[in-house]
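Please examine the sequence and the model shown below.

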Amino acid sequence: MSSSSLCNAFALNPFPAAFSAAPVPARRNPPPLAFLSSSGLSAVSKPRILKILRPPTAPSFRLQAVADDDEWGSEKRILKGAAGGVAAVEEETAGATSVTAELKRKLLDLLFGTDRGLKATSETRAEVNELITQLEAKNPTPAPTEALSLLSGKWILAYTSFAGLFPLLGAGSLPQLVKVDEISQTIDSEAFTVQNSVRFVGPFSSTSLSTNAKFEVRSPKRVQIKFEEGIIGTPQLTDSIVIPDKFELFGQSIDLSPFKGVISSLQDTASSVAKTISSQPPLKFPISNSNAQSWLLTTYLDDELRISRADGSSVFVLIKEGSALLS
């Protein structure tokens, strides 16, 4: 059964039935291939190639058990590498911040006692310029005009190399008369205005001189300033003058107690006059000169320190009002 079924399944006999019974010449040796037919063993003179079709073999897979520790270990290594990269960046940022803070501290130490640069020696100026150059190289705000909110506010002048301000600063060398108390620049980024102001103080009053200007952004670091008007502030008189009962003059004691009534009357009069004058509006005058304009280049800016350069390579170091650097 097995022989007959196998042969029929592959249809190995291609000859018609009429030729099946024909005598076959005897051979000494069997043909290269012998096939089984339904009648038994027969030799085929001309062998045919048998093609055996095999069913497709299913793909084999090799399974390998992986311990949980290896899987978690790989993930941990990835996370550790990412955390290491973040830590390196944070460490680099912290290092840069520390260097900048140290440069700022050294700069302020040098500026102490220079009266905004008026009394700075040539050696001190050279050291200040070197520190300014180093700070500019580490500027955390490369495009200050694109960070106008950071630029806005009142900035107090701490140092300048602008020679045009030195005669003004020199007024403070006149004792008991008048001195420059503060020089400031106030920037309003929403209105695009700049106000430069100088405040003077004397024995019994204070006043200010200001200029108002508009500015236009010309580059990521540069603004063009056009002055529009000047303002002379109303003198703010001291409304209380304290006169002692006794004082010494050239080694001799002077007693003013007998004149206490007169002195009290003078104090009241001075207070009334001071209030009247101080309530008057400031004096404003237009600046129509076509040359009344300048440009300002901000080369360093953070939330408490600003370095700017202007015409003639003049440099200005300013500190934000309310900053701890002013204390």
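Predicted model: local features only at pLDDT ≥ 70, side-chain atom pairs only at ≥ 80, totals over all residues.

Residues are numbered from 1 along each chain as its sequence is written, and side-chain values use heavy atoms, with hydrogens and water left out. The protein has six helices and 14 strands; helices (H or I, at least four residues) and strands (E, at least two) are DSSP runs numbered from the N terminus.

**Overall make-up**

- Of the 327 residues in the protein, 27% are buried, where buried means under 20% relative accessible area, exposed over 50%, and partly exposed in between (1.4 Å probe, protein chains only).
- Among contacts with a separation of 6 or more, 58% join residues 24 or more positions apart; a contact means heavy atoms within 4.5 Å.
- The protein exposes about 22,600 Å², and carbon and sulfur atoms supply 59% of this area. Accessible areas come from the Shrake-Rupley method with a 1.4 Å probe, and for residues only the protein chains shown count as cover.

- Strand β4 (residues 179–188) pairs with strand β5 (residues 193–201) in the antiparallel sense over nine bridges; two strands pair if DSSP finds at least two bridges between them.
- Within this pairing, I183 stands opposite V198 in β5.
- β4 and β5 form a hairpin with four residues between them.
- β5 also pairs in the antiparallel sense with strand β6 (residues 205–217), over nine bridges.
- T211 in β6 is the bridge partner of N196.
- Three residues separate β5 and β6 in the hairpin that they form.
- In a regular strand, side chains alternate between the two faces of the sheet.

**Largest cavity**

- The count comes to one cavity of 30 Å³ or more. On a 1 Å grid over the protein atoms alone, a cavity is a set of points where a 1.4 Å probe fits but cannot get out, and a pocket is an open set with protein on both sides within 12 Å along at least five of seven lines; lining residues have an atom within 4 Å of a point.
- The largest cavity has a volume of about 80 Å³. Grid points are joined across faces, edges and corners, and a volume is the space filled by probe spheres set on the points.
- The residues that line the largest cavity include T145, L151, Q185, I187, V194 and F215, and K221, V223, I225, L296, T298 and R306 belong to the lining as well.
- β4, β7 (222–232) and β12 (293–301) each supply at least two residues of this lining.
- The lining divides into seven nonpolar, three polar and two charged residues. Ala, Val, Leu, Ile, Met, Phe, Trp, Tyr, Cys and Pro count as nonpolar, Asp, Glu, Lys and Arg as charged, and the others, Gly among them, as polar.

**Second largest pocket**

- The second largest pocket has a volume of about 690 Å³. It is lined by 26 residues, of which F162, L165, N196, F227 and F316 are the closest to its centre.
- β4, β5, β6, β7, β12, β13 (305–309) and β14 (315–320) each supply at least two residues of its lining, and β5 gives the most, with four residues.
- The lining of the second largest pocket divides into 15 nonpolar, nine polar and two charged residues.

**Buried charged residues**

- E136 lies in helix α3 (residues 122–137) and is buried, with a relative accessible area of 18%. Leaving aside neighbours within four places in sequence, E136 is in contact with T299, Y300, I307 and R309.
- K320 has its place in strand β14 and is buried at a relative accessible area of 16%.
- Leaving aside neighbours within four places in sequence, K320 is in contact with L150, S152, G153, K154, W155, D303, E304 and L326.
- K320 and D302 are 18 residues apart in sequence and 9.3 Å apart in space, C-alpha to C-alpha.

**Positive phi values**

- R116, in the loop between α2 (68–111) and α3, has a positive phi near 65° although the residue is not glycine. R116 counts as buried, at 14% relative accessibility.
- F192, in the loop between β4 and β5, has a positive phi of about 55° and is not a glycine. F192 is partly exposed, with a relative accessible area of 33%.
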